[in-house]
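Hi,

Here's the structure I promised to pass on. Have a look at it first, and my notes on the helix packing follow below.

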Amino acid sequence: MSEHLTAIMEEHGEYCLRVAYLYVRDWSIAEEIVQDVFLAYYLQQDRFEQRASLKTYLVKITVHKSHDYLRSWKNKRHQLFGKLHFGVSKRTPEKDLIKADERVTLKAALFELPISYREVLILYYYQELKVREIADVLGCTENTVKTRLRRARQMLQDKLERSDWEVLGDDIF
């Protein structure tokens, strides 16, 4: 492996890992996805045309790999396995408290959204990409991104108290 690739992995690896986690909600699976992202980049780095930043390019690959995983049989099997073991594990007050606390947070509300709405919010607010960059990453028009952002905000607003969400109501593209 070249020093150049090592430097790229050190610079963008953690960021790509967080992006993948926001899609798949499992750190070990997110790590596998990021490994696939850098392997794909290494094998096809000559395809990078530098029309966008390397970070944007790697995020785009991460998003696509995350989508691929979510559609895969491996994911469906993982979810089924998790559900089978959920009934077997013993509930404790500590686990109940942690679970209740997680559901109150924005993260929990965000993960309840359909992926098409969740991803635009993640890319816009968490990764601070512009609408144009999000459209490029997702392969759709800017108007589609704006519509999804508006609808996603409305969905979250319905899930959260209005006072906690007012800051997003004034956003202008």
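H7 and helix H8 (residues 131-138) pack at an angle of about 135°, with 10 Å between their axes. Helices here are DSSP runs of H or I, at least four residues, numbered from the N terminus; axes are lines fitted to C-alpha atoms over the stretch in contact, and angles run from 0 to 180 degrees between N-to-C directions. The two are therefore oblique to each other (under 35 degrees counts as roughly parallel, over 145 as roughly antiparallel, 65 to 115 as roughly perpendicular and the rest as oblique). H7 passes H8 in a right-handed crossing, i.e. the near helix is turned clockwise from the far one by less than a right angle. On the H7 side the contact (heavy atoms within 4.5 Å) uses Glu 119, Val 120, Leu 123 and Tyr 124, and H8 brings Val 131, Ile 134, Val 137 and Leu 138. By class that gives seven nonpolar, no polar and one charged residues, where Ala, Val, Leu, Ile, Met, Phe, Trp, Tyr, Cys and Pro count as nonpolar, Asp, Glu, Lys and Arg as charged, and the others, Gly among them, as polar.

Before you go further: it's a predicted model, so local features need pLDDT of at least 70 and side-chain atom pairs pLDDT 80 or more, while totals for chains, interfaces and linings use all residues. Numbering starts from 1 along each chain as its sequence is written, and side-chain values use heavy atoms, leaving out hydrogens and water.

H7 (residues 115-126) also packs on H3 (residues 54-71), at about 155° with the axes 13 Å apart. That makes H3 roughly antiparallel to H7, and this crossing is right-handed too.

H1 (residues 3-24) has 22 residues and spans 30 Å from first to last C-alpha, close to the expected 32 Å (1.5 Å times one less than the number of residues). H1 bends by about 50° at His 12, taken as the angle between axes fitted to the seven residues ending there and the seven starting there. Just after H1, Arg 25 has a positive phi of about 60°.

H1 packs against H2 (residues 27-43) at about 140°, axes 8 Å apart, which makes H1 oblique to H2. Their crossing is right-handed. Among the contact residues are His 12 and Cys 16 of H1 and Trp 27 and Phe 38 of H2, and the contact divides into 16 nonpolar, three polar and two charged residues.

Cheers
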